[in-house]
Amino acid sequence: MIMGALFSRIRTFLPLALGPHPQRELTLTPRGGFACPPRGVAAGALPLALGPHRLHPNAAAALGAPAKRELTLTPRGGFACPPRAVAAGAFALAPGPFSLRSLCERRRREQAPMPRGGPRGMAAGAALLLIASGFTAAASDGLDPAALLKPLADSWPSYSGDYTGRRYSALTQINQSNVKNLTLVWAARLTGGPGAGGFGPGSPAAAARTVIGGEGSGDIAVAGATTVKGAVLMVNGMLYVTAPDNVWALDAHDGHELWHYFWKTKGGTHIGNRGAAIWGTYLYFVTPDDYFVSLDTKTGHERWHKEAAPFSQQYFMTSAPMTIGNHIIVGTGNDLDSPGYLMSFDPETGEQQWRFYTVPMNAGDPGLETWKSLDAARHGGGHPWLPGVYDPETHLYIFGTGNPTPAYTSKPRGEGMDNLFTCAIVALNVDTGKMEWYYQTSPHDTHDWDSAQTPVLVDGDFRGSGPRKMVLTASRNGYYFTLDRRTGEHLVTSKFSETVNWAKGLNAKGQPVREPAKDHHIAGALVSAANGGATNWPPPAYSPDTQLLYVPTSETYAMYYLSETDPRGAMGLGGKDEIGVGTMGSYISAIDYKTGNTVWRHRFRTVGTTRGAPGLLTTAGKLLFGGDVSGNFVAFDPANGNVLWHTQIGQVTNAPETYMVDGRQHVLIAAGDMLYTFALY
Amino acid sequence: MASTLHAQPAQPPGGRGRGAITSPRNAYPDRAPADPAAIERGKALYGVNCQFCHGADTRGGDGGPSLLRSSTVLDDQNGELIAPIVRSGRPGMPKFTLGDDQIKDVAAFVHSFRAAGYDEARLRPPSIIVGDSKAGEAFFNARCASCHSTTGDLRGLASRIPDERLLQQTWLMPGSGGSRGGPPPVTLPPIMVTVTLPSGEMVAGKLDRLDDFTVSLITADGTHRSFRTNGNTPRVDVRDPLQPHRDLLGVYTDADIHNVTAFLVTLK
């Protein structure tokens with residue numbers, strides 16, 4: 001089930017370090033994109049013409065260059081500049097003063113800001129990595145995908161800010177010594193719907209700016225106010241905000257709206273939207289009625305929309321797409337029995353590049369032996385509800401999968417069978433969509449506790465074994481895991497919720513072993529956690545300074561009553577009634593990845609709350625930001641959880657973010673339909 | 001009271017308009033209602049040809065998978081996707097000789113069942129009482145009797161809360177289990193708080209609100225007072241009358257819970 005329950009559902013009580021200056025040399029491109037050589041040409045022999053790519057005559061003309069078609073290489077509207085790492089011998093054949101190389105050099109000077117360390121500041125290794133993945137980049141006036149390889153600092157260009165999922169910003173202007181002086185820069189209220197006269201107050205000006213699209217009739221009202229439950233992107237001084245059916249572009253200086261896009265829906269579960277992705281000047285988001293939509297970031301005008309999943313089968317999409325090179329990756333959601341999948345789309349055309357099903361779909365597929373039947377597997381769920389993370393060195397896109405279905409009446413899935421690859425951390429080759437490894441964190445889940453929480457990539461020491469590339473995840477089921485991210489090798493399991501009681505212990509693989517008596521019972525089984533889980537979609541954060549993973553945590557109990565005695569079970573989330581009986585507390589848990597131990601916990605002081613803790617951000621200013629369960633936005637000391645600053649803004653509904661605007665560090669947070677930014681003056 | 005217990009309220013009849021999405025439960029449009037005569041004809045054909053394997057309710061039967069969640073059936077509008085499978089068969093499924101109109105009728109019947117991720121229970125257990133009331137009484141006397149009495153505050157409890165599940169939820173955590181459509185069957189005593197100021201002055205009252213930064217309370221004379229807190233200053237002592245119930249959640253076995261409920265239902 002979607003991890004949006006946290007803020008909106010009654011049935012719940014409420015988830016790489018890069019080298020310095022990677023890949024700056026590849027940021028050089030005119031509007032429309034440029035192309036880097038595909039995989040395999042890094043050796044220094046860039047062919048004169050690469051496949052079908054040609055220099056668009058207009059692009060060349062705009063540069064004052066003759067259109068030398070045979071020398072050029074680029075997708076639609078752009079031209080191609082090889083990175084310097086491969087330029088050395090590759091363009092010897094380029095004739096005349098307007099050789100491709102000179103064009104590229106010119107573009108570099110004109111459009112690409114020099115890295116602080118100068119051209120030699122880049123990591124050569126990173127360049128080769130990028131080449132090897134066949135990246136194409138996008139327009140210089142938009143977001144170059146190569147920028148996503150940078151350590152998180154000046155902007156917030158993707159769901160987690162960067163590919164690591166650490167939500168650790170290198171910014172230090174706001175730090176422990178001055179955070180007490182943090183003050184409001186601006187606050188803005190978002191108005192959804194088709195504009196004035198529609199849903200919400202609106203205004204003539206807002207209506208004029210609203211671009212309307214969608215396949216629905218326009219007569220469906222969505223209950224509930226606009227709520228931001230995902231990432232806000234900050235690129236080139238603009239903020240891009242989403243809620244189901246709505247996208248807004250705001251000026252990061254003062255929050256004023258530049259455009260608003262509204263999608264007329266056919267229906268689908270409108271529980272939340274985790275944000276947009278950007279590639280060049282193109283924005284991408286998904287809709288509850290299963291469309292993958294691309295907008296122009298400058299105007300909000302729609303470029304195209306594609307059907308991403310069948311609405312007839314009751315899919316609904318909530319995830320934030322991820323830009324990785326020339327892939328836009330996004331996953332499905334559905335509460336009915338259906339197969340989950342991850343898709344990669346072409347950024348220009350929206351054509352599907354690959355699709356990875358998280359459950360076996362055909363005879364002979366791996367994992368089929370862990371299901372009662374092929375029919376069970378094909379209806380087995382495993383939806384990748386949230387964006388994953390990416391390791392450019394191994395080309396692995398690593399993400400979590402959702403719970404198996406039927407969620408509660410699990411016998412039709414095969415009693416005790418693992419039901420691969422649901423509730424697992426899965427690593428795919430980003431170019432092919434092929435699985436490299438998996439590790440299942442909840443074999444045969446029976447509580448609708450997905451393992452889709454965005455994982456976190458960490459490079460560091462592991463018990464004296466030297467530098468290790470790892471992936472960390474704190475799962476909704478209450479267990480924490482450290483894995484080797486090259487191989488999926490299990491390193492650590494621990495229980496980060498003290499109350500969780502659904503498992504007998506751990507098996508030899510470090511997986512929790514389900515206690516069937518804690519599935520549910522006709523007379524009720526008292527289970528911790530309640531359906532919302534020990535943690536949920538609100539993202540964790542990791543600080544390399546403290547080497548701690550910070551996890552929003554809730555400790556809850558619920559009675560799970562089996563309400564369907566038909567031996568064939570129920571569909572989807574049916575077959576049980578779950579009634580909460582108590583919240584023991586909501587926390588931030590600080591977990592040591594080497595041991596799995598919780599080093600400290602901050603318990604939010606409250607009585608009887610049913611809320612889970614919102615997501616987190618940490619910074620090189622030695623700060624940890626997050627909302628509490630009582631409407632405060634708080635800065636903590638990441639070393640010990642002590643409170644350093646707070647302000648009351650109403651219930652926080654997403655994870656904080658930070659970036660620079662005109663030399664000033666801003667911190668952004670959402671509370672329902674309100675956005676707030678804070679800075680020092 | 002019983003109605004407040006049903007976590008999944010009955011669905012409104014099919015064919016409703018698309019006015020508003022108020023919950024995930026009505027996020028998908030119902031199919032337009034088919035001609036009842038067609039559904040009846042389809043039911044008869046289905047009963048003869050399909051039911052043995054796919055079940056009378058299309059949820060699967062002796063060997064055949066559920067049709068209700070089948071992607072083919074969900075995508076099908078009027079038999080057009082079902083027809084090729086019916087006519088050609090599949091591995092493990094014979095082919096059937098049915099005319100176009102007959103297949104449309106079968107499709108109308110199959111589509112008359114509602115597929116939903118929030119599947120409604122069809123065979124509800126009649127009772128949740130499975131425990132041993134003697135063992136429940138012993139547990140009660142050991143763990144509950146210091147605060148509660150079967151001849152005092154709990155006298156006639158099962159008459160006041162005749163619904164078994166609501167009774168169980170209520171003794172586990174008073175106030176829980178009644179959230180859907182009905183008031184909780186008990187009145188909860190207030191949470192009390194005492195704030196001890198640095199001067200030594202103590203201010204006590206009913207807790208209004210508490211977080212890491214502020215404590216608010218209502219004193220006996222009705223005055224609302226708030227205090228900014230900084231760490232443990234001023235000192236805040238909360239007395240939550242439900243805390244013993246919370247503390248017991250980590251103690252019970254499920255058998256304890258079932259036994260205590262079996263005992264408490266005898267308190268008519």
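This is a predicted model: local features need pLDDT of at least 70, side-chain atom pairs count only at pLDDT 80 or more; totals for chains, interfaces and linings use all residues.
**Entry 1: chain A overall**

I began with chain A and its secondary structure. I found seven helices and 40 strands in chain A. I then looked up burial: of the 681 residues of chain A, 62% count as buried.

**Entry 2: the contact between the chains**

I next asked how many residues each chain puts into the contact. Chain A gives 60 residues and chain B gives 56 residues.

Strand β6 of chain A, residues 221-222, pairs with β1(B) in the parallel sense, over two bridges. Within this pairing I noted Val222(A), whose bridge partner in β1(B) is Ile21(B).

**Entry 3: α9(B) against α11(B)**

Helix α9 of chain B spans residues 164-172 and helix α11 of chain B spans residues 254-264. Their axes come within 10 Å and cross at roughly 115°. I therefore put α9(B) down as roughly perpendicular to α11(B), as the class runs from 65 to 115 degrees. I recorded the crossing of the two helices as right-handed.

Which residues of α9(B) and α11(B) meet? From α9(B) I have Glu164(B), Leu167(B), Gln168(B), Trp171(B) and Leu172(B). From α11(B) I have Ile257(B), Val260(B), Thr261(B) and Leu264(B). By class, the residues of this contact divide into six nonpolar, two polar and one charged.

**Entry 4: the β4(B)–β5(B) hairpin**

I turned to two strands of chain B, β4 (residues 214-218) and β5 (residues 224-228). They pair in the antiparallel sense over five bridges. In this pairing Ile218(B) stands opposite His224(B) of β5(B). The two strands form a hairpin with five residues between them. In the turn I checked Gly222(B), which has a positive phi of about 90°.

Last, I asked how many of the five residues of β5(B) are buried. The count is zero, and I noted the strand as hardly covered.

How values were computed. Residues are numbered from 1 along each chain as its sequence is written. Chains are lettered from A and ligands numbered from 1 in the order in which they are written. Axes are lines fitted to C-alpha atoms, for helices over the stretch in contact, and angles run from 0 to 180 degrees between N-to-C directions. Helices (H or I, at least four residues) and strands (E, at least two) are DSSP runs, numbered from the N terminus. Angles under 35 degrees count as roughly parallel, over 145 as roughly antiparallel, 65 to 115 as roughly perpendicular and the rest as oblique. A crossing is left-handed if the near helix is turned anticlockwise from the far one by less than a right angle, and right-handed if clockwise. Two residues are in contact if their C-beta atoms, placed from the backbone, lie within 7 Å. Ala, Val, Leu, Ile, Met, Phe, Trp, Tyr, Cys and Pro count as nonpolar, Asp, Glu, Lys and Arg as charged, and the others, Gly among them, as polar. Two strands pair if DSSP finds at least two bridges between them. A residue is buried if 20 or more other C-beta atoms lie within 10 Å of its own, exposed if 12 or fewer, and partly exposed in between; C-beta atoms are placed from the backbone.
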